[in-house]
Amino acid sequence: MQALAGKQLSAGLSRPSRGQLVITSVATPSKNPASRLAKRSKVEIIKENSDYLRHPLMEELVNDKTYISEDSVQLMKFHGSYQQDHREKRSFGSGKAYMFMMRTRQPGGLVPNRLYLVMDDLADQFGNGTLRLTTRQAYQLHGVLKHDLKTVFSTVIKNMGSTLAACGDVNRNVMAACAPYLNKPEYVHAMKLANDIADLLAPQSGAYYDMWLDGEKFVSVYKEDPKVTADRAFNGFGTNFENSPEPIYGAQFLPRKFKIAVTVPGDNSVDLFTNDLGVIVISDDKGEVKGYNLVVGGGMGRSHRDDETFPRLADPLGYVDKDDIFHAIKAVVAAQRDYGRRDNRKQARLKYLIHEWGIDRFRSVVEQYMGKKFDDFVPMPTWEYQDYLGWGEQGNGKLFYGIYVQNGRIKGEQKKALRAVIEKFELPVTLTPHQNIILREVDPAHKEEISAMLRAGGVQELVDWDSIDRMSMACPALPLCGLAVTEAERSLPDINQRIRAMLTKVGLPADQQLHVRMTGCPNGCARPYMAELGFVGDGPNSYQIWLGGNTNQTRLAEVYAERVKVKDLETFLEPIFAAWNTNRRPNESFGDWTARNGFAAVKQLAAAVPVAAAANGNGNGNGNGAASKGAEKQLAAK
C-alpha cells in the first residue's frame with residue numbers, strides 16, 4: 001500500500017503554519033496507517049492495480065462485448081456509472097440484458113440551462129427516454145448501452161457537466177440547501193461552498209479525461225477558486241501524499257463512499273445528519289459568514305440480518321473559522337482514509353470508525369491532521385424540513401417555481417412540458433434533495449404563461465398532490481438496480497394512495513401529513529430510516545417496516561416488523577393508525593407518537609383497537625378519541 005511521503009512532525013516542534021498560525025501542541029500521526037500491511041478486500045487490490053482508475057476499464061470499453069468485467073465495474077463507478085442488468089428484458093438463452101446507468105456530478109443540484117437540454121436529449125437518444133432525479137441532487141440516466149458510453153459521457157463533459165466521482169470510493173456529489181434566495185447571503189454562500197468542496201475533493205489524476213476525451217485538454221469557462229487550489233496543495237500536517245497524481249486520495253482512494261452536505265442553521269432540506277460530513281454555515285448579525293459548525297458520522301446503509309451494520313446519525317464535531325474550512329474537510333477525509341477499514345466493505349464507512357472510537361477520539365485525530373483544535377459548536381435554531389415547492393421570490397426581482405416530481409422520474413408528457421418551458425425561457429434549474437426540480441430566474445411577466453404551459457402538459461400543481469406524495473421518496477429499485485429485492489419507485493404511488501385511504505378510514509384529517517419513504521433493499525438510498533413510516537425491501541413484495549422518524553429528519557426510525565407483505569398492509573397498518581388517532585396528543589405526528597410510546601406500547605394499543613374503530617374511525621384526530629384508552633391506562637400504570 002502507498003505510504004505517506006510527506007514529513008511528519010512530533011509534538012512540540014515547530015511546523016508549517018497557515019497565515020500567522022503557529023502550532024506547537026497538537027501532534028500529527030507519527031506514521032501513516034496506510035503504510036501498514038493488512039488484510040484488504042478485493043476492491044482494494046483492484047484500485048491499487050488500476051493506475052489511478054484506468055485499467056482494465058480503458059481496454060474493455062473498446063472491445064466487442066456488451067458488458068465489462070467485475071474489476072472494471074468497480075472502476076467504472078468512480079467515473080460515474082454502474083453496469084446494470086435489466087431483469088425484465090432478459091431473453092431466454094441469451095443471458096443478462098446489460099446496460100449502464102450514468103450519474104452526474106451536480107454540486108448543490110445547480111444545472112445550467114444548456115446542460116438540462118443536453119440531458120433531456122441524451123435521455124431520448126441513448127437512454128430509456130426518462131430522466132431520474134436522485135436524492136442527492138443529481139441526474140441518473142438509465143438504459144445507456146456500452147457502445148454509447150463514450151458519446152454520452154463526452155457530450156455531458158463538453159456541455160457544462162461532469163460525472164466524475166458521482167459514484168465510487170470518493171467524495172460523492174456535494175449537496176446544498178436548494179433555496180434559490182439570492183438576497184440571503186448564507187444561502188448563496190452555502191451553494192458556492194458546495195461547489196468548492198466538490199472541487200477540493202475531486203480526483204486529480206486525469207484518468208477521467210483520458211478515458212472519455214482521449215486525454216484532450218477540455219477548456220471550460222469555469223475556473224476553480226484559487227483558495228481551493230492552494231488549500232488542496234497544503235500538506236503541513238500529513239493530509240496529502242507528496243508527488244502523487246492523487247494528493248488526497250492516493251492510489252487506494254477512500255475505504256468507501258463519502259457524502260457531504262452544506263446548509264444553513266434551521267434548514268434541513270439536505271437530511272444533514274445522514275451524511276458522513278455535514279457543514280453548517282454560521283453568520284454574524286450582519287449576515288457575514290464567520291465560520292462553520294461540522295457534524296460527522298452519518299450514514300444510511302445496512303444489511304439485513306447483520307446487526308454489525310446499521311444506520312447512524314452524525315455527531316457534532318466542532319466549529320471552525322471560515323478560513324479553515326478546507327483544511328478541516330481534508331482532515332476529516334484523511335482520518336477516514338487512513339483509519340477506515342479496508343478489509344470489510346460493509347464496515348468501511350466513516351460512521352463505523354466513529355462508532356468504534358467515539359467522537360472524542362475521532363476529533364483528536366482530525367485535529368492532528370488539521371493542525372488546530374476545533375472550537376465549541378455554535379448554538380443553532382431548531383431544524384425544519386423544507387422542500388421549496390411552489391412559487392417564490394428569489395430576492396433579485398426574479399421568481400422560482402418548485403415542481404414536485406413523483407419519485408424523481410421525469411417522463412412522458414411532463415418531460416416534454418418541462419423541456420418546452422426551460423428551453424423557451426432559457427431557465428436554469430436546481431435539483432432538490434427530495435427528487436424535485438426548481439425552475440430559477442423566472443421573469444414575473446412569464447409566470448402565467450409558464451403555469452399554463454405546464455398545466456397543458458399535464459404537470460400537476462402542488463395543490464393537486466396529496467401531502468403524503470409530496471413528502472415521500474423512493475429509490476429506483478426494480479428492474480434495473482442489482483441490489484433490489486423488491487419494488488420501490490413503481491409501487492410507492494399506489495401504496496401512498498392506500499395509506500391515505502387507511503388514514504381517512506380511521507378518522508384522521510383529510511390533510512394529515514405523513515413522511516413515507518421506500519427502498520427496494522436495505523442500502524437506504526431514499527433514506528427510509530429517517531421516515532415516520534419507512535418501507536425497506538426484504539423479499540419479493542415484502543418489506544421491513546420502520547417507524548419513529550420525525551418530520552424534520554433529526555431522529556432515526558427503528559425496525560418495527562419484518563417481512564410484511566404488500567397485500568397485508570391494511571391488516572397491518574390500520575390498527576396502528578387507529579391507535580395513533582385515538583391516543584395521540586393534539587396534532588401529534590405519527591413519528592412523534594410512536595417514538596414517545598415505544599414499540600411495545602404501540603403494539604399493545606393497536607391490538608386493543610376495536611375492529612369497528614379501525615374500520616370506521618373513532619376520535620377526531622386530535623387525541624380526543626376514547627378507543628384504546630383502557631390499554632393506554634394499563635401501560636401508564638406499568
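Trainee: What makes strand 2 (residues 98-103) and strand 5 a pair?
Mentor: Two strands pair if DSSP finds at least two bridges between them. Strand 2 and strand 5 are joined by three bridges, so they count as paired. They run antiparallel. Strands here are DSSP runs of E with at least two residues, numbered from the N terminus. The model is predicted: local features need pLDDT of at least 70, side-chain atom pairs count only at pLDDT 80 or more, and totals for chains, interfaces and linings use all residues. Residues are numbered from 1 along each chain as its sequence is written, and side-chain values use heavy atoms, with hydrogens and water left out.

Trainee: Which residue in strand 5 does Phe100 stand opposite?
Mentor: Val144.

Trainee: How many bridges link strand 4 (residues 131-133) and strand 5?
Mentor: Two, in the antiparallel sense.

Trainee: Why is strand 5 (residues 139-144) called largely enclosed?
Mentor: Buried means under 20% relative accessible area, exposed over 50%, partly exposed in between (1.4 Å probe, protein chains only). Six of the six residues of strand 5 are buried, so the rest of the structure largely encloses it.

Trainee: Why is Gly520 called buried?
Mentor: Its relative accessibility is 1%, so Gly520 counts as buried. Gly520 sits in the loop between strand 17 (516-519) and strand 18 (533-539).

Trainee: Which residues does Gly520 touch?
Mentor: Contact means heavy atoms within 4.5 Å. Not counting residues up to four places away in sequence, the contacts of Gly520 include Cys475, Thr486 and Gly537. Gly520 and Thr486 are 34 residues apart in sequence, yet 4.9 Å apart in space, C-alpha to C-alpha.

Technical notes: Helix = DSSP H or I, 4+ residues; strand = E, 2+ residues; numbered from the N terminus.
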